[in-house]
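The sequence and structure come first.

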Amino acid sequence: MTPELMEAGARMREAAALRRGAAAGSSGGREASYGRVVHAGEVDVSHGAILYLDDITVSFDGFKALNALSLSITAGELRCIIGPNGAGKTTMMDVITGKTRPDAGRAFFGSTIDLLRLREDDIASIGIGRKFQKPTVFEQLSVFENLELALQGDRGVRSAMFFRLSGEQADRIGAMLQLIHLKDSAQRIAGLLSHGQKQWLEIGMLLMQDPKLLLLDEPVAGMTDEETERTAELFRSLEGSHSLVVVEHDMKFIHELTMDNPAKKVTVLHEGSVLAEGSLAEVQGNEKVVEVYLGR
């Protein structure tokens with residue numbers, strides 16, 4: 001590993017040092033429903049939901065960014081969330097990831113992990129990954145080195161100095177390069193990638209840390225049509241093995257995400273609350289949705 005790689009990754013590795021057992025304080029080791037004991041770091045999805053928001057309210061100087069928002073995401077689900085600007089989409093993700101504390105309500109990861117009791121870095125370490133609109137990669141490093149860095153996210157700085165990839169780990173990076181369509185760009189400097197390729201690389205870096213829930217904020221903004229189609233294929237392939245929440249304005253992309261299953265659920269936010277929820281066809285045919293969002 002290059003000295004630049006170690007230096008660039010030091011902060012990332014330290015922030016993820018709590019990965020093993022970070023949720024111990026959140027569940028307290030208490031028993032879940034059905035008498036099943038929940039161990040430290042384990043996400044209990046025995047009720048089916050991996051994310052549960054209940055009456056979440058967030059106010060900024062009297063303005064309610066979220067207004068008694070309730071939402072449930074099933075384990076392994078790919079959920080699309082749409083809504084006009086100011087609907088509360090970003091604030092919702094801020095609450096889930098610990099960046100914003102709500103004025104009222106509850107937020108659970110699985111049945112037992114109270115997200116409102118955890119810090120932002122703890123939430124990242126227990127299996128919730130977030131991708132912002134603008135891709136964030138180490139542009140001075142190669143694509144392969146970026147993925148290697150993400151793989152080492154749970155290592156201390158000292159041990160990382162002597163880290164060597166095992167055959168299994170190298171194979172895992174190879175498989176990820178194939179998955180994110182960057183196999184032929186493994187040794188390319190990340191800063192030279194196209195915007196869409198940087199988006200794929202950041203998604204790959206998140207996936208190297210094996211998150212249970214991925215929050216993706218307008219992931220295809222700025223992509224070409226071909227890149228958008230390949231991203232939709234990627235997300236559909238992740239459904240089931242991961243839970244995904246995709247916040248997006250591009251209705252063509254939403255269609256591509258749901259084309260394999262017309263009954264796939266889409267949630268529409270408006271003024272901090274759920275306005276409508278159902279299949280894409282159902283929400284597109286909802287008069288209230290057309291009025292506040294789709295018809296504009």
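The sections below go through the model by element.

## Basis and overall make-up

This is a predicted model, in which local features need pLDDT of at least 70 and side-chain atom pairs count only at pLDDT 80 or more, while totals for chains, interfaces and linings use all residues. Residues are numbered from 1 along each chain as its sequence is written, and side-chain values use heavy atoms, with hydrogens and water left out.

The protein has 12 helices and 10 strands; helices (H or I, at least four residues) and strands (E, at least two) are DSSP runs, numbered from the N terminus. Of its 296 residues, 52% are buried, where buried means under 20% relative accessible area, exposed over 50%, and partly exposed in between (1.4 Å probe, protein chains only). Contact means heavy atoms within 4.5 Å. Among contacts between residues at least 6 apart in sequence, 66% join residues at least 24 apart.

An open sheet of six strands runs in the order 6-7-8-3-9-10, with mixed pairing. Strand 6 and strand 10 (273-278) stand at its edges; each has a single partner strand, so one side of each is left without a neighbour in the sheet. From one strand to the next the twist averages 20°; axes are lines fitted to C-alpha atoms, for helices over the stretch in contact, and angles run from 0 to 180 degrees between N-to-C directions.

Two strands count as paired if DSSP finds at least two bridges between them. Strand 6 (residues 128-131) pairs with strand 7 in the parallel sense over four bridges, and G129 has L214 of strand 7 as its bridge partner. Strand 7 and strand 8 are also parallel, over five bridges, with L213 bridged to S243 in strand 8. Strand 3 pairs with strand 8 in the parallel sense over four bridges, and L78 has L244 as its partner in strand 8.

## Strand 7

Five of the five residues of strand 7 are buried. In a regular strand the side chains alternate between the two faces of the sheet. In strand 7, L213, L215 and D217 point one way and L214 and L216 the other, and all are buried.

## Helix 9

Helix 9 (residues 225-238) has 14 residues and at 1.5 Å a residue should span 20 Å; its end C-alpha atoms are 20 Å apart, which agrees. The expected span is 1.5 Å times one less than the number of residues. The buried residues of helix 9 are E227, T228, T231, A232, L234, F235 and L238. They cover an arc of only 160° around the axis, which puts them on the same side of helix 9; the arc is that of the directions from the helix axis to the C-beta atoms. On the other side, D225 and E226 are exposed.

The buried residues pack against strand 3 (78-82), helix 7 (167-179), helix 8 (195-208), strand 7 (213-217), strand 8 (243-247) and helix 10 (251-258). After helix 9 comes G240, whose phi is positive, near 100°.

An open sheet of four strands has the order 2-1-4-5, with antiparallel pairing. At the edges are strand 2 (63-74) and strand 5 (113-114), each with a single partner strand, so one side of each lacks a neighbour in the sheet. Strand 1 (residues 49-60) and strand 2 pair in the antiparallel sense over eight bridges; A49 has T74 of strand 2 as its bridge partner. Helix 3 (residues 89-96) packs on this sheet, touching strand 1 and strand 2, and its direction makes about 115° with that of strand 1.

## Nonpolar cores

A nonpolar core is a set of buried Ala, Val, Leu, Ile, Met, Phe, Trp, Tyr and Cys residues joined through side-chain atoms within 4.5 Å. The largest has 49 residues, and those with the most contacts inside it are L147, L177, L201, F235 and L257. Helix 8 gives the largest share of this core, seven residues. A second, separate core of 29 residues includes I81, L115, L118 and I126.

Leaving aside neighbours within four places in sequence, L177 is in contact with V143, F144, L147, L182, K183 and A186.

## A buried lysine

K198 lies in helix 8 and is buried, with a relative accessible area of 14%. Not counting residues up to four places away in sequence, K198 touches P135, V137, E139, A190, G191 and L193.
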